[in-house]
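Subject: Structure for you to look at

Hello,

Here is the structure I promised to pass on. Please open it and keep it beside this note as you read.

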Amino acid sequence: MTEYRIIDAFTDRPLAGNPAAVLLLDEPYTDAWAQGVAAEFNLAETAFARPVGDSRADYELRWFTPAVEIDLCGHATLATSHALTELGVSGPHRFTTRSGILTVADDGERMWMDFPVNRAAEAESPDGLVEALGATAVWTGRVGEFLLVELEDEAAVRGLAPDIAALARLPHNIVIVTAAGSETDMVSRVFAPRIGIPEDPVTGAAHTVLTPFWAERLGRTELTAHQASTRGGDLLLRLPEDTPGRVLIGGTAVTVAHGTLRLQARGADRGGRRSGT
C-alpha cells in the first residue's frame with residue numbers, strides 16, 4: 001500500500017494556502033496510474049516523488065493536475081519537502097524535474113525553494129482578455145505559457161469575478177493577474193482553466209514570473225507577496241545576487257491528512273502534456 005499526505009502549502013495554519021497531495025513512492029509507476037490518482041484526489045496538484053540514483057538529486061519529482069502532467073509546481077514542491085522533513089529526511093532536498101534540478105532548504109523558520117526565473121516581455125493583450133476578466137489591463141506580458149496581467153490596483157485584483165470559460169479560450173494555460181499591494185509588495189490571483197484549475201489558491205510557479213516583474217518596478221530584490229484567492233497564501237521572495245536567473249521562494253506548510261492509498265503502482269512510462277503552476 002502507498003501512503004499519502006494532504007498538505008496545505010504557503011500557510012502556517014490548516015485549511016488555508018494551497019492543498020497538495022503528496023505520494024512518496026519506492027517503485028515505478030505508469031503515467032496513466034499517476035494521472036488517475038491525481039484525478040481521484042482532484043486537487044490542483046498531486047506530487048509523486050521517488051528516490052533516484054542521480055548525483056545531482058535525491059528524488060525524481062513529478063506533478064499532475066486532475067487533467068495533465070505539468071512542468072513546474074511550487075506549492076506541491078514545498079509540500080513534498082515538508083513531507084520528507086516529517087519523515088525524518090534531512091535537507092536540503094534535491095529534486096530532478098521537468099524544470100531541471102530544484103532544491104528546497106529549511107532555515108528553521110520556513111522552507112526556501114530555488115526555482116528558475118521567468119521574465120515576461122511586454123506584449124499586446126490577447127483578444128477577449130478584457131471580456132474574460134471583466135477588468136482592463138494596464139500592462140500585459142508573456143513568457144512561455146504564462147500571461148501576466150497588471151491591473152490598476154489591489155481592489156481590482158481582489159474584486160475580479162472572471163468568466164472562467166472565456167479564460168479557457170485564451171491562448172495561454174496560466175493567467176496571472178497582479179497589482180501593487182497595500183500590506184505586501186504585490187498581490188495576485190492565478191487562473192488556469194485550460195489545465196483543469198479554474199483558480200489556483202497559491203501558485204509558486206507564478207511567482208517565478210511575478211518576482212522579476214515587481215523587483216524591477218520596486219527596485220528591490222527581496223519582496224513580500226500575497227495571493228488573494230479565497231484560501232489565500234503568503235510568500236517571501238528573493239533574487240539572489242550570486243545566482244542570476246534564479247528566484248528563492250519562501251513559505252511554510254501544514255499537514256492536514258495522512259492515509260493509505262489502497263492501490264499499488266505498477267510499471268513505468270513517460271509522456272503527457274506539459275504545463276506549470
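Below is what turned up in the nonpolar cores and the aromatic rings.

First, a caution: this is a predicted model.

Start with the cores. The largest nonpolar core has 54 residues. Phe10, Trp63, Ile176 and Ile249 have the most contacts inside it. There is also a second, separate core of 17 residues. Among its members are Ala135, Leu151, Ala179 and Phe191.

Now the rings. The structure holds 8 aromatic pairs. One of them joins Trp139 and Phe213. Their ring centres are 4.9 Å apart, with 45 degrees between the planes, and the pair is tilted. Which parts of the chain does this pair tie together? Trp139 belongs to strand β10 (residues 139-143) and Phe213 to helix α6 (residues 207-218), so the pair links parts that are 74 residues apart in sequence. Trp139 and Phe213 are both buried.

Phe213 also pairs with Trp214. That pair is edge-to-face, at 5.2 Å centre to centre and 85 degrees between the planes. Trp214 is buried, as is Phe213.

Elsewhere, look for one aromatic cluster formed by Tyr29, Trp33, Phe48 and Phe64.

Last, two arginines sit over rings. Arg217 lies over the face of Trp139, 5.3 Å from the ring centre. Trp139 thus has a place in both stories: it pairs with Phe213, and Arg217 lies over its face. Arg238 lies over the face of Trp112, at 4.1 Å from the ring centre.

Best wishes

Terms used:
Residues are numbered from 1 along each chain as its sequence is written. This is a predicted model: local features need pLDDT of at least 70, side-chain atom pairs count only at pLDDT 80 or more; totals for chains, interfaces and linings use all residues. Side-chain values use heavy atoms; hydrogens and water are left out. A nonpolar core is a set of buried Ala, Val, Leu, Ile, Met, Phe, Trp, Tyr and Cys residues joined through side-chain atoms within 4.5 Å. Buried means under 20% relative accessible area, exposed over 50%, partly exposed in between (1.4 Å probe, protein chains only). Rings of Phe, Tyr and Trp (its six-membered ring) pair if their centres lie within 6.5 Å; planes under 30 degrees apart count as stacked, over 60 as edge-to-face and the rest as tilted. Helices (H or I, at least four residues) and strands (E, at least two) are DSSP runs, numbered from the N terminus. A charge sits over a ring if NZ of Lys or CZ of Arg is within 6 Å of the ring centre and within 35 degrees of the ring normal.
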